[in-house]
Amino acid sequence: MEKLLRLAVQAKGRLNEESIQLLEECGVTVEESKRKLVARCGGFPVEVLYLRDDDIPQAVSMGVADIGIVGLNEVEEKGFPVDVLHRLGFGACRLSLAVPKGAGYTGTDWFAGRRIATSYPEILTRYFTSKGIEAHIHQIAGSVEIAPSVGMADAIFDIVSSGGTLVRNGLAEVETVMESQAVVIGNVELGESKLALVKQLLFRFEAVERSRGLKYVLMNLPREKVTEAVSLLPGLKSPTVLPLADEGWCSLHAVIREADLWERIESLKGIGAEDILVLTMEKTIP
Ligand code: ATP
Ligand code: MG
């Protein structure tokens, strides 16, 4: 029987949708059925195991799943031995200490002897130990941000992305302890055939990631403007230039970052580019 790779993915929550979408973009079709614990897949010998994100590091370290997609924050907090194989770039956030506005924060010594509410006691303990600070860490499961206002804590240590939740709760972010994003973790003792499958899957992830934020642009350009056009497209490999039936014109193809797209198009139009087509890129394989 063909070996199946088992991939643990968050069952529901912030990482679920992007994890499944990434698989789909890699040609891996995941059977639609959130009720099931294990979903079969098409297009690649993998099956998806849906778990709470808290359980993914342990499942991978035990070998219940071979690999998993989970936030680096959970990996660090749980401390199970797993290999961090790849950073996925989504689910970006940070773990920060925040204090009530007007608390007179002076520096990390402020935390000495104070009560800090968090769902990440291990990461916080390591941080305070490294700074030589003794504080009282109160582990709570959720709604950490309201702990100071109800008198449960003097400060909090929690996940921050935009910072809006902190502001709404009258808190100020004072120290960033770690930066996190979704990562692929792997069991440390994967056999040769499973490792080969993991490599193939990561190769596909990278091909999709390389195309993010890039557009493929085609246009018609007067032939004598090619050198000028190339100078307007800095930092990229030289564009492809193809002849057109009309000898005075050519077709120019280039890859442009989405962030620069409109500025580049304006300049290209300025030197006579016409019939500009902008295409989405799916995969880039070097
Ligand atoms: P589960 O039910 O699986 O335990 P959860 O409630 O613990 O889910 P989510 O809130 O879905 O977890 O967040 C999952 C991960 O998404 C976090 O561990 C973190 O890595 C990442 N993340 C990114 N931005 C944020 C954010 N603003 N708030 C919380 N998590 C975020
Ligand atoms: Mg969780």
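Helices (H or I, at least four residues) and strands (E, at least two) are DSSP runs, numbered from the N terminus. This is a predicted model, in which local features need pLDDT of at least 70 and side-chain atom pairs count only at pLDDT 80 or more, while totals for chains, interfaces and linings use all residues. Residues are numbered from 1 along each chain as its sequence is written, and side-chain values use heavy atoms, leaving out hydrogens and water.

Helix α4 spans residues 121-131 and is followed by G132, whose phi is positive, near 70°. The buried residues of α4 (under 20% relative accessible area; exposed is over 50%, partly exposed in between, with a 1.4 Å probe and protein chains only) are P121, I123, L124, Y127 and F128. Seen down the axis of α4, these residues fall within an arc of 160°, taken from the directions from the helix axis to the C-beta atoms, so they line one face of the helix. The face turned away from the buried side carries the exposed residues T129 and S130.

An open sheet of seven strands has the order β2-β3-β4-β1-β5-β12-β6, with mixed pairing; two strands pair if DSSP finds at least two bridges between them. β2 (29-30) and β6 (83-87) stand at the edges with a single partner strand each, so one side of each has no neighbour in the sheet. Two helices touch this sheet, contact meaning heavy atoms within 4.5 Å. Angles run from 0 to 180 degrees between N-to-C directions, and axes are lines fitted to C-alpha atoms, for helices over the stretch in contact.

| α1 (residues 16-25) | β1, β2, β4, β5 | about 145° with β1 |

Notes
Chains lettered and ligands numbered in written order.
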